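This briefing concerns a single protein chain. Please have the sequence and the model at hand while reading.

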Amino acid sequence: MTSSTPPGEDTHDTGDLQDTGDTALYERRLAEFEYAIWHLGAAFTRWRRDCLDAVSETNLTSTEAAILHAVHMMGTSKGLMEIARLLHRDDIANLQYGLKKLTQLGLIERQGRSRKATVYAVTEAGGALVEAYLARRREVLLRLFMQVAPTSAELDNLIMQMHVMIGLYDQSSDLLLTRQP
């Protein structure tokens with residue numbers, strides 16, 4: 001912290017992370033930020049569930065809804081590992097279970113004969129469900145979200161900030177796995 005910074009004001013210089021009042025304040029704010037992320041995740045999960053429930057009686061779980069949207073994305077078939085990458089997930093068994101359930105419900109179809117060549121595509125029923133969800137999202141969420149980011153440029157900035165935060169947390173996890181105390 002420089003001498004021109006008033007006491008209690010944040011600086012971006014964490015130096016050697018000595019236990020100072022400023023570092024403690026920053027750490028408390030980081031904890032509040034993470035708490036907000038948990039709330040955002042829960043709110044988004046609830047929104048996705050409620051929006052799907054409003055347009056269908058399929059009672060999909062959050063994971064199943066995410067898989068359906070990922071398979072629908074860009075109108076191309078996708079394999080298991082591509083779906084996992086798109087959803088930033090590493091719990092392959094849960095994704096496989098979701099794919100199986102979506103297939104049984106007739107919302108996606110499995111294509112290909114071998115495990116490596118297997119891809120999943122959205123069926124007509126699955127596509128109709130996603131399109132109904134998107135229409136409802138336009139009706140309800142779009143106008144509310146425009147209060148947060150009124151322009152495409154502002155929304156792009158929010159998206160970039162979220163991707164940077166994802167990178168920070170991914171890198172922190174890697175550091176935990178590769179560095180011994």
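Which residues are exposed on the other side of H3? They are Met 81 and Arg 85. The model discussed here is predicted.

**Overall chain**
- The order of elements, read from the N terminus, is α-α-α-α-β-β-α-α.
- The chain comprises 181 residues, of which 21% count as buried.
- Its accessible surface comes to about 13,300 Å², and carbon and sulfur atoms account for 57% of that area.
- Of the contacts between residues at least 6 apart in sequence, 47% join residues at least 24 apart.

**Helix H3**
- Helix H3 spans residues 80-87, and its buried residues include Leu 80, Ile 83 and Ala 84.
- These residues lie on the same side of H3, because they cover an arc of only 100° around the axis.
- An α-helix has 3.6 residues a turn, so residues three or four places apart point the same way.
- The cover over the buried residues of H3 includes helix H2 (62-72), helix H4 (92-104) and E2.
- His 88 follows H3 and has a positive phi, near 60°.

**Thr 118**
- Thr 118 is located in the loop between strand E1 (108-111) and strand E2 (119-122).
- Thr 118 counts as buried because its relative accessibility is 6%, and buried means under 20%.
- The side chains of Thr 118 and Arg 110 are joined by a polar contact of 3.5 Å.
- Leaving aside residues up to four places away in sequence, Thr 118 touches Gly 79, Arg 110, Gln 111 and Gly 112.

Terms used:
Residues are numbered from 1 along each chain as its sequence is written. This is a predicted model: local features need pLDDT of at least 70, side-chain atom pairs count only at pLDDT 80 or more; totals for chains, interfaces and linings use all residues. Side-chain values use heavy atoms; hydrogens and water are left out. Helices (H or I, at least four residues) and strands (E, at least two) are DSSP runs, numbered from the N terminus. Buried means under 20% relative accessible area, exposed over 50%, partly exposed in between (1.4 Å probe, protein chains only). A polar contact is a pair of N or O atoms within 3.5 Å; within protein, one must be able to donate a hydrogen and the other to accept it, and residues adjacent in sequence count only if both atoms are side-chain atoms. Contact means heavy atoms within 4.5 Å. Accessible areas come from the Shrake-Rupley method with a 1.4 Å probe; for residues, only the protein chains shown count as cover. The arc is that of the directions from the helix axis to the C-beta atoms.
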